[in-house]
Amino acid sequence: PSNNWSELVQLTTTLYEEARLSGLSTEKFMLDGRHTGTGGGNHFVMGGDGPANSPFLRRPDVLASLLRYWHNHPGLSYLFSGLFIGPTSQAPRIDEARTDQTHELELALTELDKQIARTEGRTPPWLIDRLLRNILIDATGNTHRSEFCIDKLYSPDSSTGRLGLLELRAFEMPPNAQMSLAQQLLLRTLIARFWKTPYTAKLVKWGTRLHDKFMLPTFVQQDLTDVIDDIRAAGFDFQANWFAPHMAFRFPKFGDFVSRGIEVELHGALEPWHVLGEEGAAGGTVRYVDSSLERLEIKVNNYVDERYILTCNGVKVPLHPTGKMGEYVAGVRYRAWQ
């Protein structure tokens, strides 16, 4: 555990250096040559040196703000996670498997707001667990496999569940210490911002837009830019280019070309890997994931929608405007493996 930013920097850089000297790495190359993370956990655990000093128990509205903000900015869920994302992953969003959970979370947070106002902020520590325990879960009801895990916040059921700790699980170990520290600085800044001004916006019901838009780097970048602008407007000197390495690592550029003045770029995009049906195996039952599907983003500039058509294998690609004149994007899913 780190008590301050200096300790956090020292511990993180030391950990990466000791790992390197031991021959360990946080990155690898896939069979197709793609540079990616090892899949190792980089879950950030935040709290205090005991339940009484946990910021999320002292100020439950800070946790409510984090939940609301992360839900309304899906780019934060997908930019820092690993290859295995989606409803059956290790850290699914609550609205990936059950769209009705958004409404349930809204009800729970509204009730939490009422309790905070009624008690003038002195809410009982177990209240968060009782309100959110059955919402911050995956599709099977697992409370640990959730983007925000409150198993160790203040669960009355066991002593190990009353530590005042919040675990954010949608983070994969990045290639170097500087990228990890940038992520941790983002979290610390958001908590500082919500400590001063709670975030109370209504939850967005994303529906199919969640996997239609935010699997593509263009919309993840737009979402991240909104977050950075929001942080800067709150008085924190945050720079968007600090996360350029994260974007380049998560969404590598495959190539580009120009035809008749139209610029075309291809970038890697995200694709949820869903669990397949159960199969018998030695020692028990296994559930494989379908990792054979991939997705890439096509971005075109100087494009005239009424004059040209972009095709993939003879099929018209449904391009979507980005808000910039002449710029369009589309996601193309394809079977990469048998």
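**Aromatic pairs, fold and selected residues of the predicted model**

A search of the whole structure identified 12 aromatic pairs, a pair being two rings of Phe, Tyr or Trp (its six-membered ring) with centres within 6.5 Å; planes under 30 degrees apart count as stacked, over 60 as edge-to-face and the rest as tilted. A pair of aromatic rings is described by the distance of the centres and the angle of the planes. For Trp70 and Phe148, the ring centres are 5.9 Å apart and the planes stand at 85°, so this pair is edge-to-face. The pair connects distant parts of the chain, since Trp70 belongs to helix H3 (residues 60-72) and Phe148 to strand S4 (residues 148-149), 78 residues apart. Both Trp70 and Phe148 are buried; here buried denotes under 20% relative accessible area, exposed over 50%, and partly exposed in between (1.4 Å probe, protein chains only). Ring pairs join Trp70 and Phe148 with Phe44, Phe80, Phe171, Phe238, Trp242 and Phe243 into a cluster.

The structure is a predicted model, in which local features require pLDDT of at least 70 and side-chain atom pairs count only at pLDDT 80 or more, whereas totals for chains, interfaces and linings use all residues. Residues are numbered from 1 along each chain as its sequence is written, and side-chain values use heavy atoms, with hydrogens and water left out.

The protein contains 11 helices and 14 strands, which are DSSP runs numbered from the N terminus (helices: H or I, at least four residues; strands: E, at least two). Its radius of gyration is 21 Å, close to the 20 Å given by the globule rule for 338 residues, so the protein is as compact as a globular protein of that length. The radius is taken over C-alpha atoms, and the rule is 2.2 Å times the number of residues to the power 0.38. The C-alpha trace spans about 65 × 50 × 40 Å along its principal axes. Of the 338 residues, 46% are buried. Among contacts (heavy atoms within 4.5 Å) with a separation of 6 or more, 66% are between residues 24 or more positions apart.

The accessible surface amounts to about 17400 Å², and 53% of this belongs to carbon and sulfur atoms; areas come from the Shrake-Rupley method with a 1.4 Å probe. The protein carries 36 positive and 40 negative side chains, and the centres of the two sets are 3 Å apart. Lys and Arg count as positive and Asp and Glu as negative, without His and the chain ends; each charge is placed at NZ of Lys, CZ of Arg, CG of Asp or CD of Glu.

Helix H3 also includes Ser65, a residue buried at a relative accessible area of 1%. The C-alpha atoms of Ser65 and Pro198 are separated by 5.8 Å, although the two residues are 133 positions apart along the chain. Not counting residues up to four places away in sequence, Ser65 touches Phe194, Pro198 and Tyr199. Thr197 is located in the loop between helix H8 (177-196) and helix H9 (209-213) and is partly exposed at 46% relative accessibility. Thr197 and Trp273, 76 residues apart in sequence, are 37 Å apart from C-alpha to C-alpha.

Most residues other than glycine have a negative phi. Glu120, by contrast, has a positive phi near 55°; it lies in the loop between H6 and H7 and is exposed at 63% relative accessibility. Arg260 likewise has a positive phi near 55°, is found in the loop between strand S6 (253-259) and strand S7 (262-268), and is exposed with a relative accessible area of 73%.

The loop between helix H6 (101-119) and helix H7 (127-132) also holds Gly121, which is partly exposed at 25% relative accessibility. Apart from neighbours within four places in sequence, Gly121 contacts Arg58 and Ile116.

Arg34 occupies the loop between strand S1 (27-29) and strand S2 (35-37) and, at 13% relative accessibility, counts as buried. Arg34 and Pro252 are 218 residues apart in sequence and 8.3 Å apart from C-alpha to C-alpha. With residues up to four places away not counted, Arg34 touches Lys28, Phe29, Leu83, Arg250, Pro252, Ala269 and Glu294.
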